[in-house]
Amino acid sequence: MAEAFPDRAAILMAQEEKLRALMGKILPSNKFYSAKFKKTEGEGDFKNLETFCRHAPFTTKPELEQDQRSHPPYGSNLTWALDKYTRYHQTSGTSGRAPLRWLDTPESWNWMVENWEQVHRAAGVTNADRAFFAFSFGPFIGFWLAFEAAERLGCLCFSGGGLSTVARLHSIFENAATLLCCTPSYAIRMGEVAESSRMELPRRSKVRLIIVAGEPGGSIPATRQRIEQLWPGARVFDHHGMTEIGPVTYQCPAKPSLLHVLESGFIAEILKADTTEPVPCGTAGELVLTNLGRTGSPLLRYRTGDLVKAAIAPVCACGRSELALEGGILGRVDDMVVIRGVNVYPTAVEEIVRGCGDVAEYQVHVSHAGALAEMRIEVEPSPTCRDISALLARLENSFEACMALRVPLQAVPAGTLPRFEMKAKRWTKD
């Protein structure tokens, strides 16, 4: 069940209590963290959050990857014996990296499902909803947790694994689904397929709520607007999490541009990238997380690589005191590219492209062949675009106005660019 926190002091008190309990369980038996903390001042004797956030060592993804290579196949970050674990998932293995393998005990899995129940409740999901999950149900953790959480709330749940986009749309219509869970890119793809196939989505769809995750998009105004245009009557609700850390945030019920951290389950820090220094509210930094309930495979002070910015107001318009992230996930520390002296993030490019309208899909090509990095963009106009030249002119003007960059743009024929069910991969290096 969700914890009601009247103020920040109550949140911090609860976090300290859970942190002490977590450390008491993992340090005696978790080989990965017992080795890390033996090298640390005090050997993990952290009595409060201030000491923990000052002296506890960070955990990084390369470190976890190396640990799994050294201790195959699951690494040494396991608190219990292997026969206590019942769930296996893995990361998507993007950027050419091997996927991280992640195991969970029933207790840890239950903790994550309870977090997803909080996400559903914040979105307004009830037992009257019929929930359709448009993803593969493969080893990527995706919406597995969301599915079980919706079951617990009493929703009638439909798995979309193994179905084509057209088949998924027919199932949504025939079963009168009211809740759709998928990535932002796939919500757009499904809407465009329905439109091009003349499936009369506005008349046939009963979907009132679309919960999106897996990539930035739900907190990007232009992307949110595009999804809601394609799915008339539906409201977009954003969430983010990671296979290795669990479900982390949910969209503010009062302000769509904010994501609240589930601080009943996480200690969140926002630090300057590659440093130990916290950033002030209103300044972008890297999100560092400690999960407090995934005892079987915990992560302490995990450098997520996500760029976020804490909202300045101590209490949100929705009345919550939980940490609020302005604009959701702003980008990735390693995704930023410098184009002719300008810092460019994929989320900013998406806002410009989607904001211009008439774009079915796009792909960004970054070249480091010369002394300075260059960026060019292929654009696939939507079937309703009447003037491709005018579209390219709008995009060119928007990039100049927003980024002070002249970006080469090329229109490509319909169906040229790839479509995505899970995480979109729109950026390539030439």
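Visitor: In which loop is Phe 137 found?

Guide: This is a predicted model, and in it Phe 137 is found in the loop between S3 and H6. The phi angle of Phe 137 is near 60°, which is a positive value in a residue other than glycine.

Visitor: Is Phe 137 buried or exposed?

Guide: A residue counts as buried when its relative accessible area is under 20%. Phe 137 has a relative accessibility of 16%, so it counts as buried, and Phe 147 is buried as well.

Visitor: How should I read a pair of aromatic rings?

Guide: Two values describe such a pair, namely the distance of the centres and the angle of the planes. The structure holds 10 aromatic pairs. In one of them, the rings of Phe 32 and Tyr 33, the centres lie 4.9 Å apart and the planes stand at 90°, so this pair is edge-to-face. Phe 32 counts as buried because its relative accessibility is 7%, and Tyr 33 is buried with a relative accessible area of 0%.

Visitor: What do the rings of Phe 137 and Phe 147 form, an edge-to-face or a stacked pair?

Guide: The centres of the rings of Phe 137 and Phe 147 are 5.5 Å apart and their planes are at 90°, so the pair is edge-to-face. Phe 137 lies in the loop between strand S3 (130-133) and helix H6 (144-152), while Phe 147 lies in helix H6, so the pair ties together parts that are 10 residues apart in sequence.

Visitor: Which residues form one aromatic cluster?

Guide: The cluster is formed by Trp 116, Phe 133, Phe 135, Phe 137, Phe 143, Trp 144 and Phe 147.

Visitor: How do the axes of H7 and H8 cross?

Guide: A crossing angle from 65 to 115 degrees counts as roughly perpendicular. The axes of helix H7 (residues 165-174) and helix H8 (residues 184-196) come within 10 Å and cross at roughly 85°, and H7 and H8 are therefore roughly perpendicular to each other. On the H7 side the contact is made by Thr 165, Val 166, Arg 168, Leu 169 and Ile 172, and on the H8 side by Tyr 186, Met 190, Val 193 and Ala 194. These contact residues divide into seven nonpolar, one polar and one charged.

Visitor: What span should the 13 residues of H8 have?

Guide: At 1.5 Å a residue, the 13 residues of H8 should span 18 Å, and the C-alpha atoms at its ends are 19 Å apart, which agrees.

Visitor: How many residues of H8 are buried?

Guide: Of the 13 residues of H8, 10 are buried, so this helix is largely enclosed by the rest of the structure. Among the buried residues of H8 are Tyr 186, Met 190, Val 193 and Ala 194, each of which also takes part in the contact with H7.

Visitor: What is the phi of Arg 198, and what is the phi of Glu 200?

Guide: Arg 198, which follows H8, has a positive phi near 55°. Glu 200 lies in the loop between H8 and helix H9 (201-204), and its phi is near 55°, a positive value in a residue other than glycine. Glu 200 is partly exposed, with a relative accessible area of 44%.

Visitor: Which residues does a cis peptide bond join?

Guide: The cis peptide bond joins Pro 72 and Pro 73, and its omega is about -5°. Pro 73 is found in the loop between helix H4 (61-70) and strand S1 (87-90).

Methods: Residues numbered from 1 in each chain as written. Predicted model: local features only at pLDDT ≥ 70, side-chain atom pairs only at ≥ 80, totals over all residues. Heavy atoms only, no water. Axes fitted to C-alpha atoms, helices over the stretch in contact; angles between N-to-C directions. Helix = DSSP H or I, 4+ residues; strand = E, 2+ residues; numbered from the N terminus. Parallel < 35°, antiparallel > 145°, perpendicular 65-115°, else oblique. Contact = heavy atoms within 4.5 Å. Nonpolar A, V, L, I, M, F, W, Y, C, P; charged D, E, K, R; others polar. Expected span 1.5 Å × (residues − 1). Buried < 20%, exposed > 50% of the residue type's maximum accessible area, 1.4 Å probe, protein only. Phe/Tyr/Trp six-rings, centres within 6.5 Å; stacked < 30°, edge-to-face > 60°.
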